[in-house]
Amino acid sequence: MRRFDPPPQPWLPGHRGVDLAGAVESPVLAAGRGTVVYAGVLAGRGVVSVDHPGGLRTTYEPVTPLVKAGDTVAGGTPLGTLSAGHPGCPATACLHWGLRRGPVYLDPLAILGLGRVRLLPGGTSAR
């Protein structure tokens with residue numbers, strides 16, 4: 001429903017994840033193996049965060065958690081169920097899925113091979 005749109009500077013507003021339409025109470029699954037580092041209510045929404053090998057962290061909201069901090073999960077493990085009412089999403093229920101490495105937010109669709117390709121200005125040509 002809404003793509004990753006990071007701000008030009010870390011302190012500016014932007015969309016630091018993707019919004020995926022779903023059905024209320026549908027299962028929300030872990031993107032990969034890791035350890036749950038947070039499962040609870042944050043700013044009035046249910047949130048689950050999972051640390052993965054290689055320094056990645058995924059976040060999922062709004063969810064009703066089925067896991068607790070410290071739980072080890074495999075890819076595909078149910079983390080919770082999707083709740084209604086994600087702000088800015090036109091669907092009844094949207095999962096906001098985020099990914100970051102340290103303080104840097106990344107496009108979570110990239111780990112599925114679906115991220116946007118961006119060409120950056122480079123150095124000189126090899127010719």
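1. Basis. The model is predicted, so local features need pLDDT of at least 70 and side-chain atom pairs count only at pLDDT 80 or more, while totals for chains, interfaces and linings use all residues. Residues are numbered from 1 along each chain as its sequence is written, and side-chain values use heavy atoms, with hydrogens and water left out.

2. Overall content. The protein chain has ten strands and zero helices. Its pattern along the sequence is β-β-β-β-β-β-β-β-β-β. Helices (H or I, at least four residues) and strands (E, at least two) are DSSP runs, numbered from the N terminus.

3. Surface and contacts. Of the 127 residues, 33% are buried; buried means under 20% relative accessible area, exposed over 50%, and partly exposed in between, with a 1.4 Å probe and protein chains only. The accessible surface is about 7600 Å², and carbon and sulfur atoms hold 59% of that area. Areas come from the Shrake-Rupley method with a 1.4 Å probe; for residues, only the protein chains shown count as cover. Among contacts with a separation of 6 or more, 54% are between residues 24 or more positions apart, a contact being heavy atoms within 4.5 Å.

4. Strand E9. This strand, residues 93-101, is mostly covered, with seven of its nine residues buried. E9 runs antiparallel to E1, joined by five bridges, and Gly22 has Ala93 in E9 as its bridge partner. Two strands are taken to pair if DSSP finds at least two bridges between them. In general, strands of a sheet pair through backbone hydrogen bonds, either parallel or antiparallel.

5. The E9-E10 hairpin. E9 is also antiparallel to E10 (residues 104-106), through three bridges. Arg100 has Tyr105 in E10 as its bridge partner. Two residues lie between the strands of this hairpin, and Gly102 takes a positive phi near 60°.

6. The three-stranded sheet. An open sheet has the order E2-E8-E6, with antiparallel pairing. Strands E2 (27-29) and E6 (63-65) are at the edges with a single partner strand each, so one side of each has no neighbour in the sheet. On average, neighbouring strands of this sheet are turned by 40° against each other, direction ignored; the axes are lines fitted to C-alpha atoms, for helices over the stretch in contact, and angles run from 0 to 180 degrees between N-to-C directions. E6 pairs with E8 (residues 78-82) over three bridges, and Pro65 has Gly80 in E8 as its partner.

7. Backbone points to check. Which residues does a cis peptide bond join? The bond is between Glu61 and Pro62, with omega about -10°; Pro62 is in the loop between E5 (56-61) and E6. Glu25, in the loop between E1 (18-22) and E2, has a positive phi near 75° and is exposed at 62% relative accessible area. Ala43, in the loop between E3 (34-42) and E4 (45-52), has a positive phi near 55° and is exposed at 68%.

8. Aromatic rings. Arg16 lies over the face of Tyr105, 5.9 Å from the ring centre. The criterion is NZ of Lys or CZ of Arg within 6 Å of the ring centre and within 35 degrees of the ring normal.
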